[in-house]
Amino acid sequence: MSVLAIIEHDRGTLTSASLGVLTAARNLAQQMNTTMEALTIGANADALRSVAAQYGATVVHQAHHDALTDFGPEAWGEAAAQIITSLSPQLVMGSGTERGHEVVAQIAARLDLPASMNCTEFDSSFDGTQPLKVVRARWGGSLLEQAEVDAPIKIVTLANHTVEPTEAPTTSTTNVIDVQLDASVLHSIVRDRVERVAGVTLATASVVVSGGRGVGSAEAFAPLEELAALLGGVVGCSRAVTNNGWRNHTDQVGQTGTRIAPDIYIACGISGAIQHWVGAMASKNILAINLDQEANIVTKSGYAVIGDLHKVVPAVSAEIRRRRGV
Amino acid sequence: MKILVCVKRVPAPGARINITDDGQQVDTAFLGFTVSPHEECAVEAAVQLVEQHGGEVTVLTLGPAEAEEQLRTAVSVGAAKAVLVPIDGQDWDPQRTASAIASVVNELESANGSFDLILFGNESADSCGYQVGVRAALKLARPMVNGAKGIEIDGASAKIRRESDAGQDIYVLPMPAAVGVKEGINLPRYPTMKGRLASKKVDISRSETTASVGGLKMIQLQRPPERASNTQILGTGPEAASAIVDLLEELGVFK
Ligand SMILES: Cc1cc2nc3c(=O)[nH]c(=O)nc-3n(C[C@H](O)[C@H](O)[C@H](O)COP(=O)(O)OP(=O)(O)OC[C@H]3O[C@@H](n4cnc5c(N)ncnc54)[C@H](O)[C@@H]3O)c2cc1C
Ligand SMILES: Nc1ncnc2c1ncn2[C@@H]1O[C@H](COP(=O)(O)O)[C@@H](O)[C@H]1O
């Protein structure tokens, strides 16, 4: 009887989403009057036991196997499923990240149990025995669903950024478990990696200057590039832009693109469809530049300028240069 | 190469998603329908692989009779065959959907031979369950990787490229295999005249199946709380530049 938090890591480096998972799992364990335990997969993550203890895990289970040197959805899922079968926790929680969802889906598939992904709320009266009521994000967060997980072991992922991580240090014991993995689950382990070149990315930039269909062409992004460069930011875009082949998909903001959280998002010639908005709404400030005063992005943003982006954007760059005296 | 792509018909909402009064569905009265962008890209990926290596693409959907529209769209951009697994009313839960897909795949394969690749979207646009593909692949004993931003065939294996925080990870799956595709892997083509014609003529086969209900039950949809916004209009046209730069200064992003 316990709540089991699955710690996501990459070659031993903790994924930040795991801290929210440890916190939410501990809160649930407390209300269920049981303990929160954690699971790390692969010996290269053994050192993460101290983080787990810092966040209140009373036992840290460490799944070991010679092949677990890198991420592999099936190997991770199978290792976790074996350990879950022997521990019988009441609830298992993974992170609401691409890998987190995948590992949890693998676990649930292997145990033939339901899984509820991207949960934003859990029933505060849940004591471990009844079906678990949750609220989960659909449509990339544009819509919520009240759902019920009815299973002997409740399997969920926590939507990222929904729980503020808080520490609750405890002394924890470690439990090393050697898992047996069939050759069939070893195929999907990462074989090779091309490291990313360092630099500001769309996901981490503090300023994003973004263009939509209103920009009109690939070439017409040059003034947006210039403004972004002046502000030390990057250029983003809407799906209309990637669909037209004007920019690469790596620049797309939204449900099927990147979630951003800059200090300011400058949306030029973007209407603000719900699937775009959901990727931009975590921005601290949003400035819309649009011809249409009624555009969704204008009515939802904190700031707006009504006008032609082709005139407004160069004027802003010119004003910045003027004030800097260059 | 024989490739199967699983797509789901979903509404295409615009500025907001409205819910029916009983909270059971998205109000689609004024909406068109589409498939998830990830799955659109999966269809394109399959068509490109067949163009390079020969073979044919089959598309499959589990959904209402109207989902024929999405199957025909896939045929218009290069799929050769289409299979509808008809269901009435509400969406099936992920376990039930995956079981049904797996049993139809078994049926198709025993009649026509094995699919070398089965492609899914990374997640469906509406339910965002991140699991139907994983579950179906396991039932079909196919190795499976999600999040694919690249698929290359090298002999009897599929080389999958995927983005992670650290860079690009490479996976190598022996075929037959299953892969979850993400938007950005390619730029889906528009239908040609010939494609449109083929999509009108294609014979959509129906595979009735049953599967038991899973343990995740939808109770009700709800809209997330909306952030109250009191838009401050900084001005009109290029004359607003000065007010914009003032704002940038105030926010500390103009240094
Ligand atoms: C499942 C699903 C997922 C999706 N995921 C995403 C996603 O991740 N990201 C995304 O962006 N979209 C996504 N979409 C698409 C989304 O629904 C919209 O179609 C898209 O965001 C529209 O892009 P846009 O705002 O650039 O174009 P439009 O909606 O055409 O808007 C263009 C805007 O530009 C303005 N404009 C035109 N000319 C000018 C000018 N000269 N100066 C100033 N303003 C001007 C117009 O007034 C208008 O407001 C998704 C759709 C679906 C169904
Ligand atoms: N009803 C369906 N019919 C066909 N394929 C589906 C269906 N539901 C889900 N899928 C496939 O499974 C993937 C993952 O779905 P989900 O688990 O809902 O996020 C989707 O991108 C589709 O490829």
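Contact here means heavy atoms within 4.5 Å. With that in hand, here are some friendly notes on the structure.

1. **Basis.** This is a predicted model, in which local features need pLDDT of at least 70, side-chain atom pairs count only at pLDDT 80 or more, and totals for chains, interfaces and linings use all residues. Residues are numbered from 1 along each chain as its sequence is written, chains are lettered from A and ligands numbered from 1 in the order in which they are written, and side-chain values use heavy atoms, with hydrogens and water left out.

2. Setting aside neighbours within four places in sequence, B:Ile151 is in contact with B:Leu49, B:Leu117, B:Leu119, B:Lys159, B:Ile160, B:Val179, B:Val181 and B:Ile185. A nonpolar core is a set of buried Ala, Val, Leu, Ile, Met, Phe, Trp, Tyr and Cys residues joined through side-chain atoms within 4.5 Å; buried means under 20% relative accessible area, exposed over 50%, and partly exposed in between (1.4 Å probe, protein chains only). The largest such core has 100 residues, and B:Ile151 is listed with B:Val5, B:Leu117 and B:Leu119 as having the most contacts inside it. Helix α1 of chain B (residues 37-53) gives the largest share of this core, 8 residues. Helices (H or I, at least four residues) and strands (E, at least two) are DSSP runs, numbered from the N terminus.

3. **The second core.** A separate core of 36 residues includes A:Ala228 and A:Leu309 along with B:Leu247 and B:Phe254.

4. **B:Thr58.** This residue is found in strand β4 of chain B, residues 56-63. B:Thr58 counts as buried because its relative accessibility is 5%. Beyond residues up to four places away in sequence, B:Thr58 touches B:Ile3, B:Leu4, B:Val5, B:Lys81, B:Val83 and B:Phe115.

5. **Chain A overall.** Chain A has 9 helices and 17 strands, and its C-alpha trace spans about 65 × 45 × 35 Å along the principal axes. Of its 326 residues, 61% are buried. Among contacts between residues at least 6 apart in sequence, 65% join residues at least 24 apart.

6. **Helix α1 of chain A.** This helix (residues 17-31) has 15 residues and reaches 22 Å from its first C-alpha to its last, close to the 21 Å expected at 1.5 Å a residue; the expected span is 1.5 Å times one less than the number of residues. Since 12 of the 15 residues of α1(A) are buried, the helix is largely enclosed by the rest of the structure. Those buried residues include A:Gly20, A:Thr23 and A:Arg26. After α1(A) comes A:Asn33, with a positive phi near 65°.

7. **Helix α9 of chain A.** With 16 residues (309-324), α9(A) reaches 22 Å from first C-alpha to last, close to the 22 Å expected. Its buried residues are A:Leu309, A:Val312, A:Val313, A:Ala315, A:Val316, A:Ser317, A:Glu319 and A:Ile320. Their cover includes α5 (222-230), β15 (264-268), β16 (286-290) and β17 (303-306) of chain A, together with α6 (241-250) of chain B.

8. **A:Ala288.** Which strand holds A:Ala288? A:Ala288 is found in β16 of chain A, and it is buried, with a relative accessible area of 0%. Not counting residues up to four places away in sequence, A:Ala288 touches A:Ala267, A:Ile297, A:Val298, A:Ser301, A:Tyr303, A:Ala304 and A:Val305. The C-alpha atoms of A:Ala288 and A:Val313, 25 residues apart along the chain, are separated by 11 Å.
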